[in-house]
Amino acid sequence: MPVELSPVLSMQGIVKDFPGVRALSSVSLELYAGEVTALVGENGAGKSTVVKVLTGIYQPDQGAITVTGVARQLTTPKDAARAGITAIHQETVLFDDLSVAENIFIGHAPVTRLGLVNWQKMNDDAAALLERIGASVNPKALLKDLGIANKHLVAIARALSIDARVVIMDEPTAALSQKEIEELYLLVEQLKSDGKAILFISHKFDEIFRIADRYTVFRDGELIGDGLINDTNSADLIQMMVGRTVEGVFPPRTNDLGNLILQVNNYSHPTEFEDISFSLNRGEILGFYGLVGAGRSECMHALFGITRPSAGHMSIDGELVSLKSPADAIAHGLVYVPEDRGKQGAITALSIVDNIALPSLQNTSHKGFVRMAHEFALARKFTQRLELKAAALDQPVGELSGGNQQKVVIAKWLATQPAIIILDEPTKGIDIGSKAAVHAFMRELASQGLAVIMVSSEIPEIIGMSDRIIVMREGRQVAEVGRDDVTPEALVKAAAGIEEASVA
Amino acid sequence: MNSQYPNNASEMPDRLHGPLARMLASWEFLLIIVAVLIFFFNTQASPYFLDAWNLSDATFNFTEKAMIAFAMALVIISGEIDLSVASIVALVSTSMGFAVQLGFDTPSLILIAIAVGAACGAFNGFLVATMGLPSIVVTIGTLSLFRGIAYIVLGDKAYSGYPDSFAFFGQGYVWWVITFEMVLFMIIAAIFYVLLHRTSFGRSVKAIGNNPTAALFAGIRVPRVKFMLFVLSGIMSAIAAICLTSRLGSTRPSIAVGWELEIVTMVVLGGINILGGSGTILGVFIAAIVMGMVTFGLGLLNVPGIVMSIFTGLLLITVIALPIVIRRARQRVAN
């Protein structure tokens, strides 16, 4: 049984601001020796920010962190390691081309008197550590030859090698099979009995109730509640995670649905998603909800012609189409606003007008020659509708705030006058004001007969905006619900697969 | 952050700065100053510099390389590089020499040259754009390959005996001291200016160089554009090969050896970002003239070739380092 002691690690009043967004507002978190604390929250609740603050990647704007009673400034990852904090990430951050032993001891390898790496000792120590956690891995093997589960074991051995007091596990089971997950649980038990304080981040309720001793719930960067896991249940946790007033904030639907525009049948991909079928009408907003990694973006990429489906077909306006590239998709009136603005959505070094004109060049140019006046007119028309705030139309997009960048990306796609627009996490990381503008605009577009697909991981947004919601889990379509029948709890349960596990 | 940009879209200007301010802040403006300084220095250094016929001869220092440099500029802006250009010149020249032995006339020689250049470019383009291989590796490979073929065909021999009408391209004068090559150089510069800055193709090239993923997502057919750029680079190498072969009147396999680095230097000096995404044809145009004048001026002073290359190297490093050093210093002050 957990013993009540003073916490190993304590964060008090942590504030972290990003331009236009407050990622953490005065949150507190305490971790105890020999206990697992589950950190729970929706995407965007601030979980990753906390991990980055604790591992010295971000510096908090306010607040204090103490480790074993000593106040610490974690300004670099090295500071965090010195304070005894280590993190095991969802995708392990290790070195593929180094050996297992090198990965475990990188940065603090044992050396000989001449200052050279003492390979014998390093390999022996690595073997001892690996044996302690029950891993049957050759210390001399290259990391890239290992499976994900074994890579996690290496990461854990590394945590032990630096004598960490605090181990952060960020969705460690996301990519593991059931058997590997069981082995990981055993390991967590072992870390607990070694007296480590563990911060466990997970979306899966069954595992939270299986291995956690305590819980902490974040929502919108705020601490909502914490306590002992035995004193709560999944319904309460979900309530804390999503408990927001959904009504009133979002513009209501006023238009009637038009005729069928998009029909997708049995779309499949060798690894990412399987058997996706749905239809979409003009004037409709169709939401796609699911956890990160559920295959929603991958499915949208296939619809947009970036990747090819391995099976299935789609028709636009009753005509069977095969989209081989984004250029094909745009020609058929289907456009995609990607999730990653900086990498996929905008060309940040180019100006607002260049970005907006790019997919519309065929319309703004004449026989291959660009017409600047047409480009500026087009950019002005759509930035006005989206209430973009910028110094000038020739300002580089990279200088704008996140919300205004997103407006440019949406404007560039609307300028192509599409029939179907896919918005992937359209309001991720943008400020409240821009969010409301994007939402109002989506509704306006739908009422003008545009068909909208919105991928979102934010419960209020998906419920507030969608006429219909499809839930995906592990690449499959697991539920489809209409706007009037949906509850936040039902969505979270479907996305996390809770009905399968018997929950306390 | 928003308060920094108070403009609503309705009252937002098209451009933040006027044309004059943009010109003064540009790389091209700096280059023009450098060009004027070198011109002035040259007039002081040698009394022979300001002779019209000398100046006319001096243009051969850069006109042929600059023709390729314009195509190279586009390739580099798209985020790729073509190091095989000088070897394409050699292979094209060899092909023309071979054709001369078979009795082909001048118009046929031109067609053969363009076809061989385009085929070489298409081969590069296929490997880079279609197969997705890194262009630096591919074109280092074809750099050896194309010149290797020229060596196999020619050995230590040389082709000569080009028809008299062929001599015009490299030796002809259009009017007074104005050479055919100079006119061709101006025409090509104008064409590339329009291509890069005034067509949707040029826009696509810039977009790809800045962010190939976002360009793909914006519906640009990235592989097709890259393929066309390599073909263009091959064709421009062929045109340069015609001029050079015509000027020399013969073909050896070592023709134009080492040009690729001089051309890349010219392009980078012209303000084309070596990492892709930005740059102007005007910059390359001025850089070509600057490099030509430097070579000519040092030649008049009887400076040996190796010292010239030291000078060119230092010039290149300086112009690349300067903006970076200034930006870092500014950041330090800002912090």
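Which residue is the bridge partner of A:Met169 in E8(A)? The points below answer this and describe the surroundings of that strand.

1. Basis of the note. This is a predicted model, in which local features need pLDDT of at least 70, side-chain atom pairs count only at pLDDT 80 or more, and totals for chains, interfaces and linings use all residues. Residues are numbered from 1 along each chain as its sequence is written, while chains are lettered from A and ligands numbered from 1 in the order in which they are written.

2. Strand pairing. In E8(A), A:Phe200 is the bridge partner of A:Met169. Helices (H or I, at least four residues) and strands (E, at least two) are DSSP runs, numbered from the N terminus, and two strands pair if DSSP finds at least two bridges between them. Strand E7 (residues 166–170) of chain A runs parallel to E8(A) and is joined to it by five bridges. Strand E3 (residues 36–40) of chain A is also parallel to E8(A), with four bridges between them. Opposite A:Ile201 of E8(A) stands A:Leu39.

3. Burial of the strand. A residue is buried if 20 or more other C-beta atoms lie within 10 Å of its own, exposed if 12 or fewer, and partly exposed in between, with C-beta atoms placed from the backbone. In strand E8 (residues 197–201) of chain A, five of the five residues are buried, so the strand is largely enclosed by the rest of the structure. In a regular strand the side chains alternate between the two faces of the sheet. Here A:Ala197, A:Leu199 and A:Ile201 point one way, A:Ile198 and A:Phe200 point the other way, and all are buried.

4. Chain A as a whole. Chain A has 18 helices and 20 strands. Its radius of gyration (taken over C-alpha atoms) is 25 Å, close to the 23 Å that the globule rule (2.2 Å times the number of residues to the power 0.38) gives for 504 residues, so chain A is as compact as a globular protein of that length. Of the 504 residues of chain A, 49% count as buried.

5. Domains of chain A. The bounds come from an automatic or database domain assignment, which gives domain 1 (9–242) and domain 2 (247–333 + 420–427 + 451–498). Their C-alpha centres lie 34 Å apart. Two residues are in contact if their C-beta atoms, placed from the backbone, lie within 7 Å; 10 residues of domain 1 are in contact with 11 residues of domain 2. Helix H8 (residues 234–242) of chain A gives the largest share of the domain 1 side, three residues.

6. Contact between chains. In chain A, 36 residues are in contact with 29 residues of chain B. H14(A) supplies the largest share of the chain A side, four residues. By class, that side has 21 nonpolar (Ala, Val, Leu, Ile, Met, Phe, Trp, Tyr, Cys and Pro), five charged (Asp, Glu, Lys and Arg) and 10 polar residues (the others, Gly among them).

7. The largest nonpolar core. A nonpolar core is a set of buried Ala, Val, Leu, Ile, Met, Phe, Trp, Tyr and Cys residues joined through C-beta atoms within 7 Å. Of the 251 residues in the largest one, A:Val452 and B:Val89 touch the most other members. Helix H12 (residues 222–248) of chain B contributes the largest share of this core, 15 residues. Leaving aside neighbours within four places in sequence, A:Val452 has contacts that include A:Ile285, A:Leu286 and A:Ile421.
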